[in-house]
Amino acid sequence: MSPTQKIPSRPAVSVRPATGDDVLGVARVLADAFHDDPLMSWIVPDEHARPGALQRMFVVGLRFHHLGLGGVEVTDGPSGRLAGAAVWNPPGRWQASHAAQLLSVPAELLALGRAARLAGVVDDSLARAHPAEPHWYLSEIGTGRQARGLGHGSALLRSRLQRCDAEGTPAYLESSKRGNLPYYERFGFVTTGEIRVPDGPSLWGMWREPQQP
């Protein structure tokens, strides 16, 4: 490259709220993003069955709980297909209502089969460690493998964290990969402790106080 040539700039990533039409797309993106995740690999050990099982699991969560709370955001790739997704739950609504949990049981069993028991063990472990103070909860965030490194994850995080800062509200997440902790620390999160799943992998809780602009 000659000194006069410019390096092409990366296209700006825009974030938009997800709609009902995005549910399958969000589920596909998250299933792709979590394919090699230690926790999801423990829940669904068969790597060939994992993509379909995770996609069905995310569809259930979106339809029975997350989407209606208004905190699901997505980014689109150059082709127009979804490239990234973040699933946030607002303060006081991080856990599905009792009625929603009862209604979703048949769908969860259909989605995961025998693996639904392990998913329940994870849910119980996370619930016991979940902070009581009101906060925005990042349930899931992921970028499709073909879109990694293009700024989609950062754009999704900044979108909601800017709102947290404006509202003066903390944020919380669990990371299922120790190697991702420094990434979240760049956005102001601090590790609060290790969450151990019985006979399974660990996760790390991370808390972020609202920051001044």
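In this predicted model, strands β1 and β2 run antiparallel and are joined by three bridges.

Strands of a sheet pair through backbone hydrogen bonds, and the pairing can be either parallel or antiparallel. Here, seven strands form an open sheet with mixed pairing, and the order across it is β1-β2-β3-β4-β5-β7-β6. The edges are β1 (15-17) and β6 (190-196), each of which pairs on one side only. On average, neighbouring strands of the sheet are turned by 25° against each other, with direction ignored. Further along the order, β3 (residues 82-89) and β4 (residues 136-143) run antiparallel and are joined by six bridges. As an example from this pair, Val87 has Glu140 in β4 as its bridge partner.

Helices pack on this sheet. Helix α3 (residues 50-66) touches β2 (72-76), β3 and β4, and its direction makes about 45° with that of β3. Helix α5 packs on the sheet through β5 (171-175), β6 and β7, with its direction at about 140° to that of β6. Helix α1 (residues 23-33) is mostly covered, as eight of its 11 residues are buried. The buried residues of α1 are Val23, Gly25, Val26, Ala27, Val29, Leu30, Ala31 and Ala33. They pack against helix α3 and against strands β2, β3 and β4.

A helix-helix contact comes next. Two packed helices are described by the angle between their axes and the distance between the axes. For helix α4 (residues 98-112) and helix α5 (residues 115-129), the axes come within 8 Å and cross at roughly 120°. The two helices are therefore oblique to each other. On the α4 side, the residues that meet α5 are Glu108, Leu109 and Leu112, while α5 contributes Ala115, Ala116 and Ala119. An α-helix has 3.6 residues a turn, so residues three or four places apart point the same way.

Single residues show how parts of the chain that are apart in sequence come together. Leu156, for instance, is found in helix α6 (residues 152-167). Its relative accessibility is 0%, and Leu156 therefore counts as buried. What surrounds Leu156, once its neighbours within four places in sequence are left aside? Its contacts are Val15, Glu73, Val74, Thr75, Gly84, Ala85, Ala86, Trp88 and Ile141. One of these, Thr75, is 81 residues from Leu156 along the chain, and the C-alpha atoms of the two are separated by 7.5 Å.

Is Arg208 buried or exposed? Its relative accessibility is 4%, under the 20% limit for a buried residue, so Arg208 counts as buried. Its side chain forms a polar contact of 2.9 Å with the side chain of Asp165. A polar atom of the Arg208 side chain also lies 2.6 Å from the backbone oxygen of Phe187. Asp165 and Phe187 are both among the contacts of Arg208 beyond four places in sequence, along with Leu161, Cys164, Pro170, Ala171, Gly188 and Phe189.

Ala96 is found in the loop between β3 and α4. Not counting residues up to four places away in sequence, Ala96 touches His65 and Gln101. Ala96 and Gly61 are 35 residues apart in sequence, and their C-alpha atoms are 9.0 Å apart in space.

Technical notes
Residues are numbered from 1 along each chain as its sequence is written. This is a predicted model: local features need pLDDT of at least 70, side-chain atom pairs count only at pLDDT 80 or more; totals for chains, interfaces and linings use all residues. Side-chain values use heavy atoms; hydrogens and water are left out. Axes are lines fitted to C-alpha atoms, for helices over the stretch in contact, and angles run from 0 to 180 degrees between N-to-C directions. Helices (H or I, at least four residues) and strands (E, at least two) are DSSP runs, numbered from the N terminus. Angles under 35 degrees count as roughly parallel, over 145 as roughly antiparallel, 65 to 115 as roughly perpendicular and the rest as oblique. Contact means heavy atoms within 4.5 Å. Buried means under 20% relative accessible area, exposed over 50%, partly exposed in between (1.4 Å probe, protein chains only). A polar contact is a pair of N or O atoms within 3.5 Å; within protein, one must be able to donate a hydrogen and the other to accept it, and residues adjacent in sequence count only if both atoms are side-chain atoms. Two strands pair if DSSP finds at least two bridges between them.
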